[in-house]
Amino acid sequence: MGQTPGMPYRQGPPARPATGRPARGRGADARHFAALDLGTNNCRLLIARPHGPGFAVIDAFSRIVRLGEGLAANGRLSDAAIERTIAALRVCADKLRRRNVTLARSVATEACRQAVNGPAFIARVLAETGIHLDIISAEEEARLAVLGCHALIEPGEDPALVFDIGGGSTELVLIDTSTLVPTVLDWHSAPWGVVSLTESAGGGVGADGRAAAYARMRSLVADSFAGFAARLPRGLRRPRLLGTSGTVTTLASVHLGLSHYDRSVVDGLIVPAPAMRKISSDLSQMAIEDRAKLPCIGQERADLVVAGCAILETIMDLWPAERIGIADRGIREGILRSLMGSPRS
């Protein structure tokens, strides 16, 4: 659990589902809850208060820190990545203090799971910021992501596939939505995210080099999905697919032709699968400087977005849904719903 000195704190209740969207109107609760998700690429904080059957966000923070940069090559978090991340976590700690958070949970995922100096990094974060990061398992990461975004799954009777493309791993979760709280039927974590895949197989000079790199990435991801793909049910009438990650929200923004990112039109969007495939293919063929010129990609994402496209296309290969649901919500929202313990979904 994440705690900052001077911040009121208590142990949280068992995780239970809450509503998919913040409620409006009466019923606001004065207590403040916080969820911090430190991934391989991003540091994200969400502070909210219970509001009716859901919650109202009162503060948020997101920064690309690239904690896992270089991890694939040497198995360690680099000094530069650690400094960038601790700087972002200091901002989070300040927000937690100023908002008088009652209950918080802070989690770290694949980069800290894999790095040999992950425990030392966690200890330093606690000493310098007061935030206690909990290194969660891939299974817990998948569960929280589903808890945070399942309300956006399209109605249907067949199992649905939820995926989360991270910086250092990708989680795939097959769920049964016929129950009040979705039941996990199967899940898989692959060791490829946008950072790890880019560092291992990305790059390429010229059109031929970019095409070869994209093919390498697709092959690596397909191999890592093979066991899970073999277990998936076949012959479904209407496979449903929901993605939560920077990759899908970025590609959805490109699909909409947005001049700047707008969560209000992206979260809950449904995009035809062929449109996402075309965007992925087009981006994989573009030079990095051309990708950087696209408004919702920019310099920060230009080098990593192609790896996300390779992962997304491979997911669409194994789960041939006609449409893809887009969720700008996931682990943080799942944590908040667990902490608040709302009994309704």
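Glu-83, Arg-90, Arg-124 and Glu-128 are joined in a network of salt bridges, a salt bridge being a side-chain nitrogen of Lys or Arg within 4 Å of a carboxyl oxygen of Asp or Glu. The model is predicted, so local features need pLDDT of at least 70 and side-chain atom pairs count only at pLDDT 80 or more, while totals for chains, interfaces and linings use all residues. Residues are numbered from 1 along each chain as its sequence is written, and side-chain values use heavy atoms, with hydrogens and water left out.

Over the whole structure, the search finds 26 salt bridges. One of them pairs the side chains of Arg-105 and Glu-140, at 3.1 Å from N to O. Because Arg-105 lies in strand E4 (residues 103-108) and Glu-140 in helix H5 (residues 138-149), this pair ties together parts 35 residues apart in sequence. Helices (H or I, at least four residues) and strands (E, at least two) are DSSP runs, numbered from the N terminus. Arg-105 counts as buried, at 14% relative accessibility; buried means under 20% relative accessible area, exposed over 50%, and partly exposed in between (1.4 Å probe, protein chains only).

Arg-277 lies in helix H10 (residues 273-285) and Asp-317 in helix H13 (residues 305-318), so the pair ties together parts 40 residues apart in sequence. Arg-277 is partly exposed at 26%, and Asp-317 is partly exposed at 44%.

Lys-278 and Asp-282 also form a salt bridge, at 2.8 Å from N to O. These two residues are four apart in helix H10, so about one helical turn separates them. Lys-278 is exposed at 53% relative accessibility, whereas Asp-282 is partly exposed at 34%.
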